[in-house]
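Student: Walk me through this one, please, and start with the terms.

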Amino acid sequence: MTDKITTTTGSIDIKAADGAGSFKAYTVTPSTKPTGAVVVIQEIFGVNDALRATCHEIAEMGYIAVAPDLFWRQEPGVDITDKSEAEWKKAFALMNGFDQDKGIEDLKTTLDVARHLPGCNGKVGTVGFCLGGRLAVMMATRSDADVNVSYYGVMLDKLVPEFGNIKHPLLVHIAEQDEFANAEVRAAVLAGAKDKPEIETHVYPGVQHAFARVNGVHYDRRAATIANGRTAEALVAALG
């Protein structure tokens with residue numbers, strides 16, 4: 001690509017597969033077409049500034065970015081940060097009330113919509129963070145996404161029995177000092193991924209959970225840059 005990529009932001013409405021209603025998805029569309037699409041999966045803070053910034057970064061790479069509002073069944077339009085105790089309490093309450101199976105259903109619907117967006121080449125992947133990192137792994141085991149990328153996913157050890165279902169590339173970024181995933185959890189995930197060529201894992205030494213969250217309290221530029229570079233390589237290989 002020799003021309004500078006420009007982007008356009010917007011929002012689309014997606015009908016839920018179970019007929020319960022519809023939900024919105026934030027979109028950033030690049031000027032380069034045709035191209036692949038990336039479903040960007042939120043943390044427990046909703047589709048907030050950090051996630052929208054990630055969408056813009058992905059679009060500036062030349063991919064259509066689509067970030068669905070996964071908490072819509074509880075509270076549409078959640079947009080909070082990690083900067084206050086009240087926001088953390090709300091985020092954990094939303095996560096605890098979140099139906100992950102319904103979330104995967106909504107993500108599969110979003111995946112299908114993204115494949116058919118104007119300018120999409122039909123190839124779609126996912127990139128998820130925290131709760132979204134877990135959901136990205138679940139999309140690897142339960143959907144036909146062309147590539148899936150998980151940043152510091154939670155409770156990934158519980159998903160190891162599903163690893164045998166993975167047929168497309170899965171990239172897993174793990175924080176060595178993740179306060180939500182101890183060494184035992186990490187060891188289980190690494191052991192489960194061993195000898196599975198579709199799964200690529202990387203442990204980032206000395207960093208905590210959410211080391212790649214833009215402007216987050218645990219942001220680590222070096223680790224984030226390395227991880228994001230690996231993500232870019234995975235997206236290019238799978239989506240073109």
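Tutor: Helices (H or I, at least four residues) and strands (E, at least two) are DSSP runs, numbered from the N terminus. This is a predicted model, so local features need pLDDT of at least 70 and side-chain atom pairs count only at pLDDT 80 or more, while totals for chains, interfaces and linings use all residues. Residues are numbered from 1 along each chain as its sequence is written, and side-chain values use heavy atoms, with hydrogens and water left out.

Student: What volume does the largest pocket have?

Tutor: On a 1 Å grid over the protein atoms alone, a pocket is an open set of points where a 1.4 Å probe fits, with protein on both sides within 12 Å along at least five of seven lines; lining residues have an atom within 4 Å of a point. Points are joined across faces, edges and corners, and the volume is the space filled by probe spheres set on them. That comes out at about 210 Å³.

Student: Which element gives the most to the lining of the largest pocket?

Tutor: There are 15 lining residues, with Thr54, Glu57, Ile58, Tyr151 and Asn228 nearest the centre. α1, β5 and α6 (221–239) each supply at least two. With five residues, the top contributor is α6.

Student: How many charged residues line the second largest pocket?

Tutor: Asp, Glu, Lys and Arg count as charged, Ala, Val, Leu, Ile, Met, Phe, Trp, Tyr, Cys and Pro as nonpolar, and the others, Gly among them, as polar. The lining includes Lys24, Arg52, Asp69 and Asp79. Next to five nonpolar and two polar residues, the charged ones number four.
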